[in-house]
Each structure stands twice: as structure tokens, then as C-alpha cells.
Amino acid sequence: MTRIVTQHLIVTQHFGNEQAKQLAVYEQLGGYAALRKAVSLTPQQIIEEVIASNLTGRGGAGFPAGKKWSFIPKDAETVYLVVNADEGEPGTFKDRWLMYWDPHRLIEGACIAAYAIRAHRFYIYIRGELVRELRVLEQAVAEAYERGYLGPSMAGSGWAMDAVVHRGAGAYICGEETSLLNSLEGKRGYPRLKPPYPALRGLFDQPTVVNNVETLMNVPTILERGGHWFADLGFPGDGGTRAVALSGHVKSPGIHEVPVGTNLRSIIFEQGGGMRESGKPLKAVIPGGSSMPILSAAEIDVPYAFQAMLKSEQIREVEQAPGIKFRWGAGGTLRSMPGSGAVTVIEEGTCMVALCARIMRFYAHESCGQCTPCREGSGWLAQVCTRLARGAGRRGDVDLLQRVAGQIGGNTICALGDAVTWPMLAFLTKFRGEFEAKEAGAAP
Amino acid sequence: MTANKPQTAAATTARGTGEVVEFQLDGRTVRALKGQNLVDALLEAGEPISAFCYHPGLSVAAQCRQCLVGIGDGYRLVPACQCTVQHGLSVRSQTDQVRDARRAMLELTLLNHPVDCVICDKAGECALQRHYMDWDARPAAINHEKVHKPKRVDLGPNVVLDAERCILCSRCVRFCTEVAQQQQLTMAQRGDHTVLTTAPGQQLDNPYALNTVDICPVGALTDKDFRFRSRVWELWSTLSVCNGCAAGCATEIHHKGHEIYRLVPPKRWDMNLSWMCDEGRRSYKAVGTERLTEAVVDGHPATPEQGCARAATALALLARRDPTSLAVVLGADATNEDNFMAAQLARHWVGARVFVADRADDGRGDTILRRDDPNPNRAGAQALTADQDATTTSREALLAALGAGAIKGLYVVGNASELAAPIAAALAATEFVLVQATHASALTRAAQVVLPAAAWPEVDGTITNERREVGRLRAAFEPPGQARAHWAWIAEIGAALGQPRQCASAKDVFEQLRDQVPLFRRASWGEERPTVRLRWACRRG
């Protein structure tokens, strides 16, 4: 893997160093200094530092982490931190490598975050398939207990801290935070109705913060170098770096840590070394995991940051039907987002209908089945997309896809409904011609 | 003005707090109870809102997404079931956005449903069928193979599942967990392959399992007893009270001709929360079979007039000799009117001693509906004998008096059920036995006169449950053969004894009872609810 080294590697700084996952080496490299500093601060001071850092959630939704922590009621008796290591969004593979190379950074970050929200226990909910990472993490947790970073007195502070590594069973939906909590409680992994949000009633009905692995791994650095340093590194309102999981038809796939707001084109053509040797030009980019609206080759000169991509005039708004803009949430239009930080590069010659069908089959397979529109609609879209891709489509299929897709997003308990609607409508907005060509060859 | 806060998944009540507030529905002002679930408030306001997963007796799941409404000026629609009524709330229900969304949800709900209404037991009382007529009524757009699932899953002793019809609303799952308090049902698999199932090694066998059939909005769960027996629109419905135990649950008797097809709970928040136990539902079976249909005098069939004349002659003779050797036994399974007439006969017409025949507590009560006391009207019979020491009217006192040879004439109103055999065995000194019963027993075989009685679905009257609430029985159909209500037989015998007839109907008896017995002074006969044909518009779904 060739990588252009930036000065500001945070979460990937120990990549390639097999020794760094040992506690002693991690400490020699400066590890756990931030935790020792953290316990000399008050929880409120830590939260303020993280708010100042503009650290946003790296799991996909980009919610400000410090703000999330501040929602925990101050008088709560039992509080939990849950680390969401159930990375499952297609295209996304950063958390597994982050945990593999640098497990102690995650533990240190989680300890600080748990202390900041006055929790005495954090759970790491790790995706069932990540067996190698699970072993690394369990080893690291055992070492941390041995050295007293975990246990009755965290880093000598007198603050008890326990860590529990819980292995999921491989359902994509359990990466949704309330579904994860149900699963952790031993229940079927169904997303919960919100409100109440986990910050008020989460794990075992107690106030709970759920954070992504990468989010927490930034926390030690924020305490060491200061929130403002971290904020300055990134984009206005969105601090630090992102571990971009670059994949697809690109020369150097892998994890590239770049400051938030780095130009998406430069991520692909500089960090990623450009298109692979096939010589085919860029056709499209899925910028943040398969649920995020796809970008055409002309739409990638944008800063890789939530606010920038949501607003960039360069990205065409997703359409509900030709000429009619899709609206979501509070009623705004939709362009795209960096999501979970997974950039999938697609070269010319790729069949967009087949790609879309593959994505739809994934969501149909992973829909938990709770809400009617997602359960039935995802299966319907997968069926119709797949037959179109195989050349067995029927007249009216494109309009049908558009109509059904528009009925799902926004009408479900969790965001999986949006994860079906957004890519489907974005594919149709930007590559409708390919779908229509498939339909044109179809029997009436 | 407070913003509307969608409520949590925790169990809720449909009734709200009692405070009446105003909210806006598509620009018009509607009054509703503060805290009431918005679905109920909209239905009460006459708004044609549809819902599958919401049930007022269960927690909110908000998963069918059928009751979407707009709140305030928010763009994103929310399920009405997740909202409660607050003062100043503004609800959009008839906008194009809302109507299109509900139609879309319905289309998706129907997508993998087999639409086999013509052979489905639920047809006619199916929420999906009704909402389709209300909202969509268009041909299906699906043109690929539907998902196939098991068609005949034996979930337990009483319930069969057709998984293809199931729309996965989870009402039954929540019912088992929250009401029956046994987690016997769950969902398995994911996406459109999700199926309802029992937990491994478990059956749906809780004592309330058949409620899942009632609340199933489609024909997925069917009652093994009722399925394939009748179309629901051929049935007639009579509101009555279950006679299975002292709980006195309101029930609808669904019948055709002289046959009962099922007992189901009506939606009655003040009584049994629209639930019934399986045992109570099955109690109708005893009513229809092997009934006594004609009077028997000294072992031979007789006319009613002969029976009454023979009874009156014997009672009068014994009463002249020694009234205290006469015993009248009230039934804890008879109505208040029956027992009132029996007590009147005993005390004022012949001067007899009064006892109450009841069944012993069976210890099978629970904290849900079923009571330990298996008698539908023990409280009522005891209220009529409240002026006496309870130990002098008890079954032990009766058996002791019979055993001592103190009873020469015995008049038993009701079947006496488990007491029939002990009484029959203690009749050595008894010269005359008169029994009014629905079914033959050792006692009827030992009696000189047997008069066939109407069973509870065949009578008008009242019974008093364990909480001393007076419930109203309504006759679903005529009793068979010569059978008639206990009070009517007693009145007939009274007439033969020379007493003036004062009561032409059970209501007349009730009014006398209310005027004369202090404990019934505030009781009400209840509204007249005629037997109605179950039709399309019935909102049972």
C-alpha cells in the first residue's frame, strides 16, 4: 500500500506497526498519557474540549460527539458508553483495521469518553465476522486490566471502569444504535422508537452514549493537543481527520486518513493514486458507504465534509421523479454526504443497473422486517432492479422503481428506509438513461 | 401551547387523563382527552384513519406505518399512534401528502399478502380488507412472484397460523408478552422473509391465546374451533356476559339459528379490556349439547302445566305440614332475577329455608381475568341472602340438613353442578325433589319433577360478578323445547300456588329486585342492545 504521509495522522498513526498493539509499546509511543490527563480534569472540562474540537460521529450520521455526550442527564445514576464496532455498511472497512492496528487507542478513547459521561462501564459491540479484530481487542482489554487502566481505579484515579467486549451475530441492522442496544440486551435486533433517545433511555433503560470506533479513537489526541488544534485541522464545524476506506476501481485501495474537508477528487487521484491500470476513466463515486447518494464523475470536486457535500451546488439534487426534487427530514433537498467514510470508485463500463441491483439486494436482505415500507419495499426494489439488470425487465419498471423508492425513506423507524430510498433515487437521477435502456430492451 | 411529544413504547392507555382539550384537525377544532392516543382521538372524531399494529390495549409499536399524519408544519410524517393528544396540537390528515403516504403503506402491506379473501375466515371483519376498500381499491402493481411462507403452522392447541397472510404487525407478540405475560411468540428471519413463530420448544398455549386471533388484523391467526365453520357476515351478535367464572367478562355471542359459533370479547374498557380467556370462549360448547328439553314428572315426560301443577301441589302440602322442612336452593349459576323469584317463593309463598348451591373455588384464577371463583353469580345469590348468616345458607349447611333428615321437600334452582351428586346421595329422608336444570345429572334422575331450564345465552337477566358489578345477559335466541328461564318456571309455580302474577318479563323481576333488595338499589338493567347481524362495517378487525 503506497500512502502519502500527512503530518496529521491520528487514528492511523500506528498502521503497519505490529508492535503497537502491545500495551508496553503503545505506552512508549505516548499512549495512555491522554487518559492520565483526562482523570485530572472534570468530566465537564472534557466535554467542553470535545465540543471545541468539532469532532463529529464517524459512523455515518455525523452528529457532533461532544453535544451527544452533553445530553446525558447530570443526575443520572447509571450511565453506559457503548462502542459501535458493528461496521457493516457496504464499502466501509475502516473500523476493523483501526481496531486491528491500534486497539489501545480505542480503549483509551472509550475510557475518556466514559469518564466524561460519568459511566463506569463501556461495552464494545463488535461485528461477529471480525474474528481477528475480536482477538486483538480482547488481548488489549486484558492488558489494560492488568496495567490498571481498566478495573477498580482507572489509571489510579479511583474511578472504576469496566470494559465488556460483546460479539454481535452479523446483522447489518445491529449497527443502528438502538437496534444494537436491543441486541446487547439479548433481544431481537429491532430499532427502537425514538424518542426517547439513548441519551435518556438507552442500554437497560439507562442513559447511554453510543459512539463509533473511529470517533472515540480521536478523543485521546483531542485531549493531548487541544480541541482547537483538532478543529483547525478539519473543516468548519467538522474537525479532525477521516479514515477514508477507499475501494473500487482505484489504484491504491485501502485506508487513507485525510483532514476533513479534503477535496474528494484529490482523495481518489492523489491519495488513491487515480484509476486502476485498465485505462478506463472515472464514471461515478459512492462517497460514503452504499446508502449515500451516488455522485457522477462531474460531481466530485467537493470538500469531503458533511455540511459541504449537503450544500455543494456542484452535486445535483436527488430527484423523486424527473424534474421533481426529493425532499427529506425537515423538507430540504438531498445532495450527498460522506456517511461512514467509504469511497467506492467506479470506472466507465460498469453497469449501473447491476450495481444498483446489488445494493438493493443487500438492503432487502438486511432489512430487519419491522416496518412495512422497508420490509416490503426493499424486497420489491431488489426484485425489479435485479430483473432489469438481467435484461428481463418489464415496461414501466423504471417508473415503478422510482415510485416505490419514494415511499420508503422517511416513513420508517430507523434510517434503513432512507438507505434504500437514497441510493435508488440517486441512481435514477444520475443514470436514468441506463435503466431506461435496459427497460427498452424488455418485453412489454 | 405544548409541542406534541410522541410517546414511548411503554404500555399506554387509550383513555387519556380525563381532561378535555382542543386540537386542530385539518383546520377544524376537535375536542379529545388530553394524553389520549391520537389514533383513538381521530377515530372518535370520525376521521377515517387506518391502523394495523396499533391496539389500544397494547404498547405502541408504530411499525405498520399506516396511521401516518402530519404534525404542525413538520415535513416528515409521523405515525399517529406515536402521538398523544395535547392542547393546541395541529394534525394534518387529509392532505395529499398524507393520503398518498397511507395509500403507499397499504400497497406495501398488501404486496406479499395472498389476497385470498374468498377462502379466508377473516373476510368480513378484516382490517386489511376494510382499509383497502377505504384507501386504495386499485389492482396490485406487483408482477413478480410473492414471497412464500408456511400456510398451516400449528402454533398451539387453539391457534393456526397462515404465515403468508400475516402482515407482521406484532400485535399478537405484544399481547402474549404484555397481557398474557408469557413470551410465546416472536418474529424470526428478516426482511420480507420475516415470519411469526413460537420460541423453540414452545407452543402458543397460554390461557389467553385466542385473543391473538381477535386482534389479528388479517386472517393469519385463526381459531381451530371456528375456522371454516361460517362466514362472519352470516352470524348474528348478542352482547352478554360470560358465565365461565366470577369475573363476569362482557362477551359477544356470535350465533346462527340456535347454534353458537363463538364467544368473543367486545371492546369494553370498563370490563375486561376487550380480552377474554380461552376457557370462557369455549364455555359455549356445554350449552348446546344434551340439553333437557321437556318436563319430567315422576320419571315420565310431561307438559309444563303438568310439571308446575305437580310441583305446586307437593310444595303446598309440605308447606302446610312444616315449612321448615322445605328447602329452596338458589343457584350461583342462575341470574339475579331467578334467585330473587326463588327467594320470594321460599320466604313469602311457602316459608321455606334458603340455601345457595355454588361450586368451590378452583384455585385457577390469575391476575389477568380468570377468578378462583368459578360461579358466575355467587355474589348475587349471596346478596339475596345477605340477611342470613352465610353459614346457614352454605352448601355444607344444606348437606348437613339433608343428612340429618330435616329436609322433606327440596327445590333446586339451577344445575347445582358438582353438588348434584352429593345432594342426590343425601335424599334418603326427602319426600319430594323439584329441579330446574339445563342438563341431566344424578340430581335430576333422583327428582320427582324436572323442569327444563334455559341456559345463559338464552335468557335476559343480570348477574353480579366478584367485584359486585351487575352485568346484563341478553338472550341470543329462544331456549330449546319446553325450556324456559328459571324465574318464569317459578312464576308459573307461584301462579299454581295461587300467587298473583306480577312479572311478565325478566325486567319486571329486576325492577322488583331493585326496589326490594338494598344491595341492588343502584343496579341498572342496562341498555337494550338488540341482536345485530355482523356486517361489513363491523369494526372487529
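The legends below describe close-up views of a predicted model.

**View 1. The interface of chain B and chain A.** In this predicted model, 39 residues of chain A are in contact with 35 residues of chain B. The two chains bury about 3100 Å² between them, with 51% of that area on carbon and sulfur atoms. B:Y75, B:L108 and B:R190 supply 23% of the area that chain B buries against chain A, more than any other three residues.

View 2. Two salt bridges are counted between the chains. One residue pair in a salt bridge is B:R190 and A:E366, whose closest N and O atoms are 3.2 Å apart.

**View 3. The side of chain B that touches chain A.** Within chain B, α2 (96–111) and β8 (185–188) each supply at least two residues of this side. The largest share, six residues, comes from α2(B). By class, the side comprises 18 nonpolar, eleven polar and six charged residues.

View 4. Zero disulfides are found over all chains in a search of the whole structure. For B:C53, the nearest cysteine sulfur is that of B:C64, 3.7 Å away, and B:C53 is in no disulfide; a disulfide requires sulfur atoms within 2.5 Å. B:C53 is buried, its relative accessible area being 1%. B:C245 is likewise in no disulfide, and the nearest cysteine sulfur, that of B:C277, lies 6.1 Å away. With a relative accessible area of 6%, B:C245 is buried.

Definitions and conventions: Residues are numbered from 1 along each chain as its sequence is written. Chains are lettered from A and ligands numbered from 1 in the order in which they are written. This is a predicted model: local features need pLDDT of at least 70, side-chain atom pairs count only at pLDDT 80 or more; totals for chains, interfaces and linings use all residues. Side-chain values use heavy atoms; hydrogens and water are left out. Contact means heavy atoms within 4.5 Å. Buried area is the accessible area (1.4 Å probe) that two parts lose on being put together, summed over both. A salt bridge is a side-chain nitrogen of Lys or Arg within 4 Å of a carboxyl oxygen of Asp or Glu. Helices (H or I, at least four residues) and strands (E, at least two) are DSSP runs, numbered from the N terminus. Ala, Val, Leu, Ile, Met, Phe, Trp, Tyr, Cys and Pro count as nonpolar, Asp, Glu, Lys and Arg as charged, and the others, Gly among them, as polar. Buried means under 20% relative accessible area, exposed over 50%, partly exposed in between (1.4 Å probe, protein chains only).
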